[in-house]
Amino acid sequence: MKTLIVVESPAKSKKISEILGKDYIVLASYGHINELASGGKYGIGIDIKNNFKPKYLISKDKVKVLEDIINAAQEVDQILLFQDGDREGEAIAYHLFEYLKSSGKPIKRAVFREITKKGIQEGLDNLRNIDMNLVHSQETRRILDRLIGFLVSPFLMNFYGEKLSSGRVQSPTVRMISERDQEIDAFKPEEYWNVSATFETAKKEKFIAKLDYKPKSLKETDALIHKLNTINDFMVSNVKAQKKKVKPDPPLTTIKLQQYMAKKFGISAEDTMKSAQSLYEDGIISYHRSDSVRVSDESLKSLRKWMNENNLDHPKTANAYETKSAAQDAHTAICPTSVDLIPSKILLSGNDKQVYDTIWRFFVASQMNSAVWSSLSVKLTSLSDKNISFSISGKALEYNGYLQLFNTDYDKEINIPLLTKKDLVDILHDKITKEQKFTQPPARFNEFTILKELEKYNIGRPATYGSIISTIFSRNYVERNGSSFRSTDLGKKINSILVNYFKYMEYEYTGLLEKQLDDIADGKIDELKVLNDFFTEFKQKLDQAYLDNGGTLCDKCGSPMRSLTNKKDGSKFLGCGNYPLCFSTKSIIKQAS
């Protein structure tokens, strides 16, 4: 039996073709075959009055690609759509299905978590139909993005300058950065002082402790030090020693991979995803767009066998991790396709090397023993003045466990004398020090912290974070200051305008929209309700924004009108923004001087 397999990228098609052999024709669609058209009311390619029905066109650069796929379909017995298992992949598969169903050949959907012989065979063993809930989720996301992008961006350009844009996710991201900058600008530092003293035990062991109270001025600090010079009766009032087991982190999800690479290596989310995509297509890692920390039973069994063979300590019972309830659990965590693919033995370079090394280490570490930390905290209190107390604490690694994979030096001992409760200690009056400090404003966002914030509010999807961050820089809404992000004057201005009108700028609301998209994918809610609820209020606010800024709405179609210039005499007039589908114009009436 001859089979046509359609995948998304040529790299995948080459790899899969090598694995499956001559009975399979493997072609790539190069991503989406269709694109959302422009046109119709407001020029957005969506028939709002007809249940938000979108109009699709074959992308110009995909005409030949589609022709080759359709021609190949005539030469085979069955067609398998091997797109990614997320909502974007499902939408690509659906549109291909619509073009290929006239071939009369059986068409099935297949998903694989890794591009290996085993992974592809699992996909072939679990063929299914198109998941229309996932398709509707993607289409709803696409419509929401089009409504905001195509309706709000012209409003901004009409009144505030050319080449401005707004987006469902990009604009709340700019808001985060802009408002953090406002916090920093408004911040008024407050003075405080750290006071430290050297103490001595009966065994002449010396150690430094810090005063618990923070004086607010030099005058107050000097008065306090003067008082300390009269006190000689400090006693150990509390000793707290404990051991704490710290379980290893789970295998990586997309967002955790991005955050770790940004924090540890300064690699952007966009570059991290490029490397992960390359590693996935080369069959080195499992699917790289995942919210799940779940690992397949087979991978877990293979890992624990490898750990036994390599004398790597691990618990008798496998470590278990729970995926967040809001996560899509269709995929496993990001893992190496084989634990035997040790990073040092694979020929990789640059970001690819760093990304794979991180994925491999987190995967292996997730099934190792917990690290054990010893901590000690001591409180010293004056017997004559119970309000005066000093504290000292320390932490040391007693057993490294999984941490041995991360090549980091940790303190192996706590440099605090062995003290017990009610021990008397002497304060050395000639070794009391003071240090002026000031409270610090919140830190500016950087790649790592903005990713944490987007995750916190469930804004957007981790797979798109890289492109979102890239967009806000390209639009000149945000600029870099070293590794920090700073909003530009333009970014602050646009943010204040959008926040004043549109609900999608609210973090919780934007996160709710994202949750609704997940609910559509799970079949829990209807996509039309989500679109209707959004558009009703959105359109009212958009019209109000135009009117507040001196704009006019078209009497015929309701689209905003734009100021245009008559090429013949240079006079100004208003033309419908929905041209050429609406030819409505209005004269601009000049006010009498």
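Helices are DSSP runs of H or I with at least four residues, numbered from the N terminus. The model is predicted, so that local features need pLDDT of at least 70 and side-chain atom pairs pLDDT 80 or more, whereas totals for chains, interfaces and linings use all residues. Residues are numbered from 1 along each chain as its sequence is written, and side-chain values use heavy atoms, without hydrogens or water.

**View A. Helix H5 packs with helix H16.** The axes (lines fitted to C-alpha atoms over the stretch in contact, with N-to-C angles from 0 to 180 degrees) of H5 (residues 132-160) and H16 (residues 527-548) come within 11 Å and cross at roughly 0°. H5 and H16 are therefore roughly parallel (under 35 degrees). By class, the contact of H5 with H16 holds 17 nonpolar, three polar and one charged residue.

**View B. Helix H1 packs with helix H9.** For H1 (residues 10-20) and H9 (residues 269-281), the axes lie 9 Å apart at an angle of about 20°, which makes H1 roughly parallel to H9. From H1, Ala-11, Lys-12 and Lys-15 meet Gln-277, Tyr-280 and Glu-281 of H9, and this contact of H1 with H9 comprises two nonpolar, one polar and three charged residues.

**View C. Helices H5 and H8 line two pockets.** In the largest pocket, H5 gives the largest share of the lining, eight residues. In the second largest pocket, the largest share of the lining, six residues, comes from H8.

How values were computed. Angles under 35 degrees count as roughly parallel, over 145 as roughly antiparallel, 65 to 115 as roughly perpendicular and the rest as oblique. Contact means heavy atoms within 4.5 Å. Ala, Val, Leu, Ile, Met, Phe, Trp, Tyr, Cys and Pro count as nonpolar, Asp, Glu, Lys and Arg as charged, and the others, Gly among them, as polar.
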